[in-house]
Amino acid sequence: MGMSLFTPLSWNDSGFILTGILNTIYISVVAIVIGTILGLIVGFIRSESNKLINIILGSFLDILRSVPLIIQLILFSTYIGAMGHPLDPFVAGSIILSLYTMAFMSEVFRSGFQSVPNSMQIAARSLGMTYWQTVRYIRIPIGMRAVFPSWLGVALSVIKDSALVSVIGYMELLRTSEQLISRTQQPLTILLGVGLFYFMISYPLSLYGKHVERKMSI
Amino acid sequence: MIKIRGVHKSFGDLEVLKGIDLDVNKGEVVSIIGGSGSGKSTLLYCINAIEPINSGQIIVDDIDVHNKKTNKNKLREKLGMVFQQWNSFPHLTVLENAALAPEVVRGLSKKDAIEIAKKELSHVGLGDKFNEYPTRMSGGQQQRLAIARALAMEPSYMLFDEVTSALDPELVGEVLDTLRLLRDDGMTMICVTHEIAFAKEVSDKVAFFHQGIIEEMGTPTEVLENPKKERTQQFLSKVLH
């Protein structure tokens with residue numbers, strides 16, 4: 001099985017493509033999980049904090065949200081490398097993608113926490129619940145439910161944005177397909193296939209999100 | 001017994017309670033009436049330490065409520081409270097609403113918590129609603145759920161803060177019936193209420209609040225039928241038309 005130039009796409013490539021698909025799913029799941037956990041913590045801190053802490057935290061999050069992800073990825077991986085601590089592309093990509101996800105998730109969760117009426121917390125406290133019991137049993141579950149559709153929206157865009165991690169050398173689906181394109185010179189077929197993959201993941205999930213949203217508004 | 005002595009409470013510059021003295025004995029039903037802003041709801045919030053007080057003392061059994069060393073969460077296990085807004089937990093079924101605090105606060109096993117929740121829900125007439133979500137129920141049903149939820153903590157006292165004020169008129173009766181049921185059980189209760197006829201019927205003692213003080217207090221007959229103070233007379237003539 002020679003890897004000479006311009007060999008057309010064949011079934012032998014399916015393992016290679018599958019690895020790309022799994023790597024995309026892998027880094028997306030890692031970023032969504034870590035970004036959700038951090039976003040929950042940061043969102044909670046923001047909903048509980050005074051103005052000063054919110055301004056400091058808010059500006060840090062604004063930077064993460066406003067600087068294009070691709071620039072953050074290149075800056076971080078180049079800087080870390082230049083400092084003499086080169087990181088594996090997966091690790092560097094996961095760190096930046098998770099922080100980027102966290103920045104958006106924290107806003108989602110902050111509004112979730114703020115949607116829980118104060119009177120409901122007082123009712124819970126009057127039953128003898130401690131502050132943290134109220135957070136755990138009342139505020140998190142009620143607040144999270146309220147923002148589930150927005151959470152899903154952020155998660156979906158993270159899956160799509162994960163394609164950018166290809167620029168620092170992580171072998172996810174886009175980078176895999178770029179290599180296949182340079183070998184096969186069949187960009188149309190390959191990019192259509194990759195596009196279809198993202199569509200097949202995103203579209204059903206966004207339909208589901210809309211369904212949940214409709215159900216909640218009734 | 002609940003002993004309230006010389007309680008003062010301000011919100012900023014506004015003094016809402018200006019020296020309240022009140023005793024609530026075991027098994028007694030005390031109704032608090034008065035215009036809005038007279039401080040009657042605030043007093044309930046001070047009794048279970050949701051609001052701090054500026055001076056005075058509130059003793060519940062042997063607990064000095066506003067002492068810094070008092071464990072407020074332990075105190076609140078003794079005091080069930082029901083609010084004007086029922087505040088059902090929308091993510092939990094009716095049964096889970098009532099079983100949550102017994103399990104996480106009292107530390108009962110899930111099985112025991114569910115058992116006591118079922119008992120109290122059946123008591124207030126929600127025995128057929130265990131698996132319903134509260135948002136699908138009427139305000140009256142949700143308010144009865146709030147009562148059962150508080151009862152499931154097996155409190156020694158119940159505090160009711162205008163529990164029928166947010167209800168549609170046709171739903172008031174079922175909630176008042178539930179309160180009558182508790183009175184018949186011998187529950188010690190403080191009811192802040194606008195339902196004068198109800199207060200007359202169930203109370204051992206009625207206190208009329210006016211601008212942060214107890215203007216007049218006595219048996220329902222004394223306060224509601226033969227009020228001595230002019231303010232009380234004016235208030236009653238207004239609410240009874």
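A word on terms before the interface: two residues are in contact if their C-beta atoms, placed from the backbone, lie within 7 Å. This is a predicted model, where local features need pLDDT of at least 70 and side-chain atom pairs count only at pLDDT 80 or more, while totals for chains, interfaces and linings use all residues. Residues are numbered from 1 along each chain as its sequence is written, with chains lettered from A in the order in which they are written.

By that contact rule, 16 residues of chain A touch 19 residues of chain B. On the chain A side, the elements giving two or more residues are α5 (118–126) and α6 (131–146). Helices here are DSSP runs (H or I, at least four residues), strands likewise (E, at least two), numbered from the N terminus.

Now chain A itself. Its secondary structure comes to 9 helices and 0 strands. Its C-alpha atoms fill a box of roughly 75 × 45 × 25 Å along the principal axes. Among its contacts between residues at least 6 apart in sequence, 80% join residues at least 24 apart.

Last, chain B. Strands pair if DSSP finds at least two bridges between them. Strand β1 (residues 2–11) of chain B pairs with β4 (residues 55–60) of chain B in the antiparallel sense, over 5 bridges. There, B:Arg5 stands opposite B:Gln57. β4(B) is also joined by 2 bridges to the antiparallel β5 (residues 63–64) of chain B, where B:Val60 stands opposite B:Ile63. This hairpin has 2 residues between the strands, and B:Asp61 takes a positive phi near 55°.
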